Amino acid sequence: MTGRVYKSTGSWYTVKNTEEEFYQCRIKGKFRMKGIKSTNPVSVGDIVEFELETLNDETTGVITSIHNRENYIIRKSVNLSKQVHIIAANIDQVFLLITVSNPPTFTSFIDRFLVTAEAYSIKPILVFNKVDAYTEEELDEVRYLAHIYRQIGYQCIGVSAITGKNVDKIKEMMMGKVSLFAGHSGVGKSTLINIIEPGLELKTQEISAQHLQGQHTTTFAEMFDLSFGAQIIDTPGIKGFGVVDMEKEEVGDYFPEFFALKSECKFNNCLHLEEPKCAVKEALEKDEIAFSRYRSYLQILEGEEENYRTDIWDNE
């Protein structure tokens, strides 16, 4: 049988076949022997082949193969630096939820996520959530960030699950597509999804006042079929986002505003560091490129995996 993985709990996978039936499946041991360094060889969104087996009157499935993925979103595992974690596969678009406070989402995290989306050909949409709860100063920061990313070409939407602002716009964008929702714990993913599709009743939790971070409410990625002809993948809150498998020479290609200037650099292999006549550095000096973006680029080049939750503005 052919099916799509809707949920992964690490050892068991919920798979929906073409007849709309769900089965609990496990994987054959050989998957782990193929040199896949991922912590999860099968991920939500994967199209798989599986066989049924019945034991003690209980029918379960065994996944025998995975179809080639159109794309996937991947990050370095937090505790296992040599391993990677595939968040989800075969996605049409990803909504990255961003909050400027309670908890704060820093530009270094946003940029790492965007670089990965660019590298794996997934359309990202930046969703500035909780806009009803911000002070005027915080709203100015939202406007400033949205201005930076719109100039580069990214779609930015301000949303409030409380007032309903732009919720219908998000629903419209989701119709007929597989959408991934991602962001830090506490940015309001589950609350927003519950407004988009009230019947799901996803768990939500209060922000931890001590750390101003969300409590993990989603433990495993899970796909849901929605009533208005869309599919959504809800993901656990991501603390850090390590960029995977990129050569230094290609990182700049995943910053669209750097890539647009690449042909104007004196050297075609310019890393935009100390090289003479670098168009990117010249644009930076003219404020045509945001300093925060260049800083994120340097952090990725230098492999500063531990520092992407520090607020860069404190260091200026």
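Tutor: Contact here means heavy atoms within 4.5 Å. The model is predicted, with a mean pLDDT of 84 for the chain and 83% of its residues at 70 or more.

The part to examine is helix H2, which covers residues 136-152. Helix H2 has 17 residues, and its C-alpha span from first to last is 25 Å, close to the expected 24 Å. Its buried residues are Leu139, Val142, Leu145, Ala146, Ile148, Tyr149 and Ile152. Among the elements covering these residues are helix H1 (107-119) and strands S9 (123-128) and S10 (155-158); helices H6 (256-259) and H8 (291-302) also belong to this cover. After H2 comes glycine 153, with a positive phi near 120°.

Two of the covering helices, H6 and H8, are also linked to each other by aromatic pairs. Phenylalanine 258 and tyrosine 294 form a tilted pair, 6.4 Å centre to centre with 45° between the planes. Phenylalanine 258 belongs to H6 and tyrosine 294 to H8, 36 residues apart. Both residues are buried. Phenylalanine 258 also pairs with tyrosine 297, edge-to-face, at 5.2 Å centre to centre and 75° between the planes. Tyrosine 297 lies in H8 and phenylalanine 258 in H6, so this pair ties together parts 39 residues apart in sequence. Phenylalanine 258 has 1% relative accessibility and therefore counts as buried; tyrosine 297, at 1%, counts as buried too. Ring pairs join Phe255, Phe258, Tyr294 and Tyr297 into a cluster.

How values were computed: Residues are numbered from 1 along each chain as its sequence is written. This is a predicted model: local features need pLDDT of at least 70, side-chain atom pairs count only at pLDDT 80 or more; totals for chains, interfaces and linings use all residues. Side-chain values use heavy atoms; hydrogens and water are left out. pLDDT is the predictor's confidence in each residue, from 0 to 100. Helices (H or I, at least four residues) and strands (E, at least two) are DSSP runs, numbered from the N terminus. The expected span of a helix is 1.5 Å times one less than its number of residues. Buried means under 20% relative accessible area, exposed over 50%, partly exposed in between (1.4 Å probe, protein chains only). Rings of Phe, Tyr and Trp (its six-membered ring) pair if their centres lie within 6.5 Å; planes under 30 degrees apart count as stacked, over 60 as edge-to-face and the rest as tilted.
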